[in-house]
Each structure stands twice: as C-alpha cells, then as structure tokens.
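I opened the notebook to record what I looked up, element by element. The entries follow the order in which I asked.

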Amino acid sequence: MKKKLPSVSILIPTLNADRVLEKCLKSIVNQDYPQGLVEIIIADGGSTDKTLVIAEKYGAKVYPNPLKTGEAGKAVALEHAKGELSALIDSDNILPSKSWFQKMVKPFFDPQILGSEPWEFTYRKNDTLVNRYCALIGANDPYAYFVGIYDKKSFLSNKWTGLSLQSDDKGSYLKVKLAGKILPTVGANGTIWRTKVLKKAVGKGDYLFDTDIPYRLLDKRPFYFAKVKVGIVHLYCHAIKDFYRKQKRRAKDFFYLESKGRRGQTYQRQKNKQLYFILSCLLAFPLFFQTLKGYLKRPDRAWFFHPLACWITLWVYGSQTLKALFKKEEISREGWRQ
C-alpha cells in the first residue's frame, strides 16, 4: 500500500529579494510533488523591488513582517503554516532536482524522526566564487568548520559534520541521533520539521532562529534527525563584499538579540576549538595548508578565498565582540538587498 504524502508549508522570509526569489519559487512549483499538498508562505519585510510581484506570480501567500529580519519573517510565516510539515527555505535557495521534496519527506514515515535536512550544498562550477567556496568547505561560515559544528559535506573532511554522532544509514538518508551539549548547525537552507514540533519549539516568540531549534528540542530529550542524501543550492553571496556584510549582520544581530533575552543555548556561544580557529588565522600556515588540500581534492580557484574568508570572519567577530561590550544594536535593514 502506497504511503500518503504529507502536506508541506514552505516558509520564506524576504526583503528586496527579486535577484534570487524567482529561481527559488520556480524550483518549488516544478517539484514532482502534488501541488495541492504544498503552500508557499512569504513573510515580507517591506520590499520595494519586484519581490511581491514575483511572489504573486507563483501563487504565494504573503504576510507582512514588521520586524524585517529573516528570523522574524520565519516566525510570521510559521504562524500561518497549515501543513503537516514546515520547510525552512530561504529566498536564495534553489531545489536542485524535481524529486527533492519526495526525497526530503521520506524520513518522516519514521515516526521517531522530527526533522530532515540536505547533507550538502550543491556545487555548481558556474556559481560565484564565494558560493562555490561555501559548497566546497560545507559551511557559510568558516568558523563553523573549525569548531566542527558545520552541517554540510566538506571536501576537506569528507564528512557532513566534525562532530561524533550516532547515525544509521537508511540508504537515501542517515538517521542521526542528536544529543549532548554541542550540535551541528542544522536548521537552515532546506530544513524540514514536523509543524507541530516546530511551533512548540518556537512558542509565541517574535523570532525563529533556525539553528537554535535543535537546542530547544534537546531541553526535553535527545531526538532523531535525518540527513538526506541530496543537496541544495545556496546563492549566498554575489561578491566578497556580501560575505563581509553578512558576517557583520550575523555578529551584530546575535549580540543585540542576546542582550534582549531572545537567544538561548546556541552554537554561537560554543567554545569548542575556538582557540584553534584564532591561532590558525594568526599563524596563517594552517589556512594555506587547508587551501592546498582542498584544491588537490577538488580543483577550483574558490579555495584561494579560504584564508581571506577566515581573516574576515576573525576580524568581524573579534571587533563586534569588543564593540558589544559598550553598545549592542541590531544592524539596520535600511536599503538591504538579498
């Protein structure tokens, strides 16, 4: 007997995202999945470009996001979600195959599994240098790679995370037991949760911090999560200046929201191997060694961005940590563009 497919709510926060949104929505509506089981929910932070026109074109339900940030938008979209599952797909994500949803929902036939996520960023040789680099190293933030909490397959380690986790290979996915005080950064770029589980974890807050959800679930007990053997495209940065801008946003927003009591246990406060990252940046040699190792495994000049990416991250995180001692403020979304 064929198992009944679950309904899915796709949660997408936007703010001036017309450069990437159409590719995202097109990849969703072209899925080999019953359209009657899919709803697209967009929470918009006040776009002044063609974002809303594109959303209407693809039949998305649009709701205002007065707080403007992506995390606030995800919370707004979740509030309106009616599907059995909720998919956290950003406007700069592209589903790389028409069978993506079919494969991503398969783990949910196991009642023990609460969520699923792609196990890699899809590498495309024609993407921008920064996007290729992120796909190669398996993280949008090199700091996550150094401390071992990355959650996408890396050509440096040949693993999807640096943590030692109990897992069972089910063929098309890994059934992973999440437990302990340190977790991989699962939660973003195509992560799907059971809607009831996600709503309970988020509560009535104004923000949905995707990488914090696993920590909130662990307050109860260890749980099972699926790493599906598919990829997802992430159009993260168009240029190196975008990488700097987004690292700065990540740091400033974290300190501000933490000061307001809106962040609990989270990966940003993990100090596992933190010194290793700092010393590697200062000594430089480890960065060049990793660059060479990566290039020999998968030749691409994007590897040569690795030292600069690490130095930018060290500078931004270090300077923002010092600034936060005196003043904590959320980065302005004025003029923000995806």
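Which residues of helix α10 (residues 274-283) are buried? I first noted the ground rules: this is a predicted model, in which local features need pLDDT of at least 70 and side-chain atom pairs count only at pLDDT 80 or more, while totals for chains, interfaces and linings use all residues. Residues are numbered from 1 along each chain as its sequence is written, and side-chain values use heavy atoms, with hydrogens and water left out.

**Helix α10.** I found F277, S280 and C281 as the buried residues of α10, where buried means under 20% relative accessible area, exposed over 50% and partly exposed in between (1.4 Å probe, protein chains only). Helices (H or I, at least four residues) and strands (E, at least two) are DSSP runs numbered from the N terminus. An α-helix has 3.6 residues a turn, so residues three or four places apart point the same way. On the face turned away from the buried side I noted the exposed residues L275, L282 and L283. The buried residues pack against α6 (142-146), α11 (285-297) and α12 (306-324), with contact meaning heavy atoms within 4.5 Å. Just after α10, A284 takes a positive phi of about 70 degrees.

**Helix α7.** I then looked up α7 (residues 195-202), whose buried residues are T195, L198, A201 and V202. They cover an arc of only 130 degrees around the axis, which puts them on the same side of α7. The face turned away from that side carries the exposed residues K196 and K200. Among the elements covering the buried residues of α7 are α3 (70-79), β4 (85-88), β9 (191-194) and α8 (213-218). Just after α7, G203 takes a positive phi of about 70 degrees.

**Strand β6.** Is β6 (residues 113-121) largely enclosed or open? I recorded that eight of its nine residues are buried, so β6 is largely enclosed by the rest of the structure. Seven bridges join β6 to strand β10 (residues 223-234), and the two run parallel; strands pair if DSSP finds at least two bridges between them. In β10, I232 is the bridge partner of F121. With β9, β6 pairs in the antiparallel sense over two bridges, and G115 stands opposite W193 in β9.

Terms used:
Arc of directions from axis to C-beta.
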